Amino acid sequence: MPTDISSMQNPKIKRLQTLQQKSSERRKAHLFVVEGRRELQHCVEAGFQVDTLFVCPELFGDQGLEEFLGQMGLADLSETRCFTVSAYVYGKVAYRGGTEGVIAEMRTRELTLDQLSLSSKPLLVVLESVEKPGNLGAVLRSADAAAADAVVVCDPLTDLYNPNLIRSSIGAAFSVPCVACDSAECIRFLKSRGIAILTAQLQDSKPYYHTDMCRPTAIVMGTESTGLTQQWREAADAHIRIPMLGRLDSLNVSVSAAILLFEAVRQRNEQE
């Protein structure tokens, strides 16, 4: 393995920072950044390929670097793709400081709707124009916990490989199939597959627990500020709401997603 990279001016470190900061560069290079041993493990287990690995041997403690690379199946990475970095450099480029000791540039993988492998009674989450990567990461965690088939992000305002999204998902960004597309395409797909569209909205709706979620179901949610656009309201098979008993009229989208997903889980478990 090469000698430590000890300068922030190293071209490889500059590229790493650019990938962390700019979605346009991630799209152009077809690369994204994963930080931390657990996240890297989830990513590799999901079939993503490592392009370049940066490790800080000083942060590995009792578990040696070679042992870690062997466990990850990365022991045979060539010297042109695996680099050690000094603790100083790692502390500058890592969001979580000096706790994990590994950062990787991974090759992106773009899924389409037609590539999704759906169960016999699919359960999907559809988010329209989600803006905050942390919210999307949290929705992916709930989707993983509820064993949802996929998360579909329509007309996204953040890219699916945003580092904040990956961190907040705690690995669910890799375990849950996630597709980005436009709303019209998603509506056509759901209709063609016979998947009921349940839109979460305040107007003209009924409590979510009075709606059948045992059938193939897509739970559709919009932004907290403006809700769903009219095309989704018109395409819906049912309008559902979470009753709000306090003074506020909405929940964070990730909290709403968790409530609705686990209502679907509850109904399906009772039906079995």
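I170 is partly exposed, with a relative accessible area of 28%, where partly exposed denotes a value between the limits for buried (under 20% relative accessible area) and exposed (over 50%), computed with a 1.4 Å probe on protein chains only. The model is predicted, so that local features need a pLDDT of at least 70 and side-chain atom pairs count only at pLDDT 80 or more, whereas totals for chains, interfaces and linings use all residues. Residues are numbered from 1 along each chain as its sequence is written, and side-chain values use heavy atoms, with hydrogens and water left out.

I170 lies in the loop between α7 and α8 (172-175), and its phi is near 50 degrees, a positive value in a residue other than glycine. A positive phi of about 50 degrees is also found at D155, which is not a glycine. D155 is placed in the loop between β6 (150-154) and α7, and at 28% relative accessibility D155 counts as partly exposed.

The chain as a whole contains 11 helices and 11 strands, these elements being DSSP runs numbered from the N terminus (H or I over at least four residues for helices, E over at least two for strands). Of the 272 residues in the chain, 50% are buried, and the C-alpha atoms fill a box of roughly 65 × 35 × 35 Å along the principal axes. Among contacts (heavy atoms within 4.5 Å) with a separation of 6 or more, 81% join residues 24 or more positions apart.

Helix α11 comprises the 19 residues 253-271, and its end C-alpha atoms are 27 Å apart, in agreement with the 27 Å that it should span at 1.5 Å a residue; the expected span is 1.5 Å times one less than the number of residues. The buried residues of α11 include V253, A257, L260, L261, A264 and R268. An α-helix has 3.6 residues a turn, so residues three or four places apart point the same way. The buried residues of α11 pack against β5 (123-128), α6 (133-145), β8 (196-200), β10 (217-221) and β11 (238-241).

In strand β8, I197 counts as buried at 0% relative accessibility. Leaving aside residues up to four places away in sequence, I197 touches L190, K191, A218, V220, W232, A235, A236, D237 and A238. The C-alpha atoms of I197 and R233 are separated by 9.3 Å, although the two residues are 36 residues apart along the chain.

Beyond its neighbours within four places in sequence, H239 is in contact with T199, Q201, Q203, D204, S205, K206 and R233. A polar atom of the H239 side chain lies 3.0 Å from the backbone oxygen of D204, and the backbone oxygen of R233 likewise lies 3.0 Å from a polar atom of that side chain.

The count of cavities of 30 Å³ or more comes to 1, a cavity being a set of points on a 1 Å grid over the protein atoms alone where a 1.4 Å probe fits but cannot get out, with lining residues having an atom within 4 Å of a point. The largest cavity holds about 70 Å³ of space, and its lining is formed by Q20, V33, V34, E35, Y95, P163, I166 and R167. The elements that give two or more residues to this lining are β1 (31-35) and α7 (163-169).

Technical notes:
On a 1 Å grid over the protein atoms alone, a cavity is a set of points where a 1.4 Å probe fits but cannot get out, and a pocket is an open set with protein on both sides within 12 Å along at least five of seven lines; lining residues have an atom within 4 Å of a point. Grid points are joined across faces, edges and corners, and a volume is the space filled by probe spheres set on the points. A polar contact is a pair of N or O atoms within 3.5 Å; within protein, one must be able to donate a hydrogen and the other to accept it, and residues adjacent in sequence count only if both atoms are side-chain atoms.
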